[in-house]
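User: I'm new to this one. Can you walk me through it with a few questions and answers?

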Amino acid sequence: MAEFVDLESQDGVRMPWNVIPGTRQESLNAVVPVSVVYTPIRHFPSMPVLPYAPLRCRTCRSVLNPFCIVDFAAKIWICPFCFQRNHFPPHYASISDDSLPAELFPQYTTIEYHSAADAAPAPPPVFLFVVDTCVIEEEIGFLRSALSQAVELLPEKSLVGLITFGTFVHVHELGFGVVPKTYVFKGSKDVTKDQLLEQMSFFVKMPKPAVGVVAGVRDGLSLESISRFLVPASECQFTLNSVLEELQKDPWGVPADQRATRCTSTALSIAASLLGACVPGSAARIMAFIGGPATEGPAPIVSKQLSEPIRSHKDLDKDSVTHYHKCVKFYDGLSKQLVHQGHVLDLFACALDQLSFFSGIFEINCSKDLKVQGIIGPCASLEKKGPLCSDVVIGQGGTSAWKMCGLDKSTSLCLFFDVVRKETPDAAIQATSNQFYFQFLTYYQNNSGQMRLRVTTLSRRWVAGPESIQDLIAGFDQEAAAIVMARQVSFKMETQAEFDPIRWLDKALINLCCRFGEFQKDTPSSFSLSPRLSIFPQFMFHLRRSQFVQVFNNSPDETAYFRMILNRENVANSVVMVQPSLISYSFHSGPEPALLDVAAIAADRILLLDSFFTVVIFHGSTIAQWRKAGYHNELEHQAFAQLLRAPHDDANIIMKERFPVPRLVVCDQHGSQARFLLAKLNPSATYSTESYHPGGDIIFTDDVSFEVFLDHLQRLAVQ
């Protein structure tokens, strides 16, 4: 898979099929969809940034790229997507075979444009903190300290606002530094944008426009009124710190048999309306720090009575959640409002130094024999319909352009394509015209406020006919395929009520093995898979057991969080979520990879498990006994001290580089916390098997082991 990682390092692209099935039927037979996992603004040190506007095809609007056919004598270039002949403008007059512009260099398939002529002064980024005060005093203290540190990390020009809420919503006027001044709204009432502007005195000095939408300085608001609530970070630190120092737990009493009155939905609605009125289209984030379930306002999660439990997966399946449909309607409307405004809502996010301010638009061009089915990822459709759109919709589909309100250098989109060619072309056509082309255009605002256009253009060979199987296998990326299937099954579980994920995954895997495996019919022992496909069943085994598919012991909120992160991370990080990495430490050898199997557990061994969301340091029983005896504190046992320290050092490196920061679990063999490791291991030794080895462990489960799973797969594939 190294060659696929190299391709990703050049363009930020991973594809399950790097040689593409050439007809619709063959793409369906291939089981794993024709798709691309693309990281739009991945950092490339050698990528050129061109200081002029891109040259576009006059028909399909694709950008000049290395795959265009160029006639240097006539100064004409032919678009590979629509075959339109385009003339070069006068400033390309010196172009020749020996004097190429950067966008035609073969190695620059990914390039950026930044036109100084089109550059306008960028508005500063905006942070609006929304803080829940229905928490204990100790948490208030930690939050106060974290917010103070966070504001110091912000760029000086960035604008900062503050809203606190509990029973009521308090919008703080940070621009009035003489005395603390707030506007208070009742948490049980939904406040419209017009009511908000009226009650917060936005039109005292400037009359409200008679017609049109109030949106920023250009449309009805004065800069003076906006600066009362959104203040530069360099100017508001004293006032903000004063407010934070006075921040206290919500003063309204809570009966012993009730939950706190928490008007989360009202606070978020006010925050969205405030940003929409003051800074529409700017790079703005609502940073919401929530301490518990909403019980008040237009979208309560649960009632105030503690006798009513918070909804579970079973309650959602039975459609027995009292407030569910009301909440879905509210938050669907809120998300559409934020997408329209170009703003981001972050929940539970506090590592502000790791956030970048990007907002942008993503567009696709592709060859005429391909159509776009949709995207699974952090974007919203712009409803740009046209000949590129497939009738089959996956995720955000029915469009060839999407809006992304917030993305960073690791944000990845999963794009799905439909091969529309129905007939197998003859050999002559395959030999002369056997390339599919893709072009991805990302318009985004970087953290310096500059607008950039990044263009990535790809070419992939297609094959068709009965002899194409070996070519398809040679271009199969097992890791990318596993992540595409993971995103697809997660999306289906979210959107299809009666969907059976295990059955769907098993059927897909069996069909893939039938299509690409080598075997004699009805002889399981003859079954074999090419090394290009041999790890894929292992990925599917762990995907079936992952938190994306198995929702038992996870709340709906946890499941939604896991799937959200899966749908925005790149292939490398997503693979760790599906199949965690396991490293072994012992006196006999240095740190080395270990099989993700219960057999990896030994009394004299330390294991480090990285499942992306959780990092586990697991001590074997003998190691744990020595540690409790304090041997690592004695001079003659420094080797043991180093052994104990090594996994902690490696865990710190993992946690320092990752966002969101994973949970660290340090546990011992046979301890209660050991379940975090055991849940991820292949159960090759259980209470019902006899394969237990001294010093090892067993897993109390009825799940089948990977060996049994593979045996069943082979028997079904050869039928």
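Analyst: Helices (H or I, at least four residues) and strands (E, at least two) are DSSP runs, numbered from the N terminus. Residues are numbered from 1 along each chain as its sequence is written. The model is predicted, so local features need pLDDT of at least 70, side-chain atom pairs count only at pLDDT 80 or more, and totals for chains, interfaces and linings use all residues, while side-chain values use heavy atoms, with hydrogens and water left out.

User: Where does Val178 lie, and is Val178 buried or exposed?

Analyst: Val178 sits in the loop between strand E11 (168–172) and strand E12 (182–186). Buried means under 20% relative accessible area, exposed over 50%, and partly exposed in between (1.4 Å probe, protein chains only). Because its relative accessible area is 71%, Val178 is exposed.

User: How far apart are the end C-alpha atoms of residues 477–575?

Analyst: UniProt, in an unreviewed entry, places "domain: Sec23/Sec24 helical" at residues 477–575; its positions follow the numbering used here, feature names are shortened, and annotations may be inferred rather than shown by experiment. That stretch is 60% helix and 9% strand, and its end C-alpha atoms are apart by 12 Å.
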